[in-house]
Amino acid sequence: MTSILKKAFLAAALIACTAITSEAADSLRIVSAANPSGTWYIGMGAIGKVYSKMTGADVTMLPGGGATNAPRLASRDADLGVAENSILTAFKNGTEPYKKPTKEGVAAIINLQDRINYQIVSPIASPVKDLRDLKTMKNLKIGVGSTGGSTEKIFRNLLKEYGITYDDIKKNGGTIVTNSFDDIANMCKDGNIDVFVWIGPGEAWFIVDVSGSVPLKWLSIDPAIAEKAAAKLGTHVGTLPAELYKGKVGPNITTFWDTNAIVVRDNMNDETAYALTKAIVEGKEDIARANPSWKSIDATTGWDGNVFPLHPGAAKYYKEKGFMK
């Protein structure tokens, strides 16, 4: 290869490299949830909007889910995502639903310090009054959402503490419904669901929809069993806010609660991570208008208590602004 050709080749390679870097810096791939009407999808869309407004970057919303978001970041298939801290702990440690530990690949931007509640719901017309009923009752239909998702994972492991398996339910003629929550809502309206579960902040869009036409009751977890299950799941034990769904939940419903974190791929450049942190903290009012549960965004605490290490770009922002020493 002649000297002139070598120089031309190197110049072309440098131009291509610069274009790739520029493209990566000017785009953001966000994973959140499969349902565009869900709170995660709306909240992450708002984050994308404030980031785009601040930087001019193009933002692409990709379907995701609680158990899949962190693996997609670690495999570099996405740039930014949201996940429950208990799921992030399971991903890091390699506990169910994951098969091996993943210590690297993900970095934290902010611990949202919000509260998401686990809800176990049953139509009042359903014969199920207690979770123990699932062991013996015949022909029950139980909606759990996608297999391996955080909602389904929690329910399956909770049942283990009650000495109940999906096989027990199926042997009694029952069905585990893994359809979307919109499908589960429609089945409930048609009288084809006896129990369904969901984890998320505040009032779930589909439960609000169902409660408008189907009288519902919320099932309580036995407190002793809740403590045992929570220790294994990495969640907390508490009660559902009685005022949810216009007071239909009522008092003293024991359940699990968790918090969410915003995470990124750990090889994201520091400038992008810095800008994302800045956008989330300084655009929190716009984000909270879209997803009221994320009014909890607080730069004075968001850097603390994350499952994965804080991204250096995020740490730089918190330190510059005096939120973190």
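A residue is called buried here when its relative accessible area is under 20%, exposed when it is over 50%, and partly exposed in between, using a 1.4 Å probe and protein chains only. The model is predicted, so local features need pLDDT of at least 70 and side-chain atom pairs count only at pLDDT 80 or more, while totals for chains, interfaces and linings use all residues. Residues are numbered from 1 along each chain as its sequence is written, and side-chain values use heavy atoms, with hydrogens and water left out.

Helices (H or I, at least four residues) and strands (E, at least two) are DSSP runs, numbered from the N terminus, and two strands pair if DSSP finds at least two bridges between them. Five strands form an open sheet with mixed pairing, in the order S2-S1-S3-S12-S4. Strand S2 (58-62) and strand S4 (106-111) are at the edges with a single partner strand each, so one side of each has no neighbour in the sheet. On average, neighbouring strands are turned by 30° against each other, direction ignored. Strands S1 (residues 27-31) and S3 (residues 80-84) run parallel and are joined by 2 bridges; isoleucine 30 stands opposite leucine 80 in S3.

Helix H11 (residues 270-282) lies across S1, S3, S4 and strand S12 (260-265), and runs at about 25° to S4. Such angles run from 0 to 180 degrees between N-to-C directions, with axes fitted to C-alpha atoms, for helices over the stretch in contact; contact means heavy atoms within 4.5 Å.

Next comes the interior. A nonpolar core is a set of buried Ala, Val, Leu, Ile, Met, Phe, Trp, Tyr and Cys residues joined through side-chain atoms within 4.5 Å. The largest one has 37 residues, and Leu80, Ile110, Ile262, Trp294 and Tyr318 have the most contacts inside it. Two or more residues come from each of S1, helix H2 (39-55), S3, S4, S12, H11 and helix H13 (312-320). H11 gives the most to this core, with 7 residues. Beyond its neighbours within four places in sequence, isoleucine 110 touches residues including Ala261, Ile262, Ile280 and Tyr318. Another core, of 29 residues, lies apart from the largest one and has Leu131, Val144, Tyr166 and Ala229 among its members.

Charged side chains also pair. A salt bridge is a side-chain nitrogen of Lys or Arg within 4 Å of a carboxyl oxygen of Asp or Glu, and the structure holds 12 of them. One of these joins glutamate 152 and arginine 156 (2.6 Å, N to O). Glutamate 152 and arginine 156 are 4 residues apart in helix H5 (residues 150-161), so about one helical turn separates them. Glutamate 152 is buried, at 2% relative accessibility. Lysine 232 forms a salt bridge with glutamate 161, with the closest N and O atoms 2.8 Å apart. This pair links helix H9 (residues 223-233), which holds lysine 232, to helix H5, which holds glutamate 161, across 71 residues.

Aromatic rings complete the picture. Rings of Phe, Tyr and Trp (its six-membered ring) pair if their centres lie within 6.5 Å; planes under 30 degrees apart count as stacked, over 60 as edge-to-face and the rest as tilted. There are 11 aromatic pairs in the structure. Tryptophan 205 and phenylalanine 206 have ring centres 5.3 Å apart and planes at 65°, so they are edge-to-face. Tryptophan 205 is partly exposed, at 24% relative accessibility, whereas phenylalanine 206 is buried at 1%.
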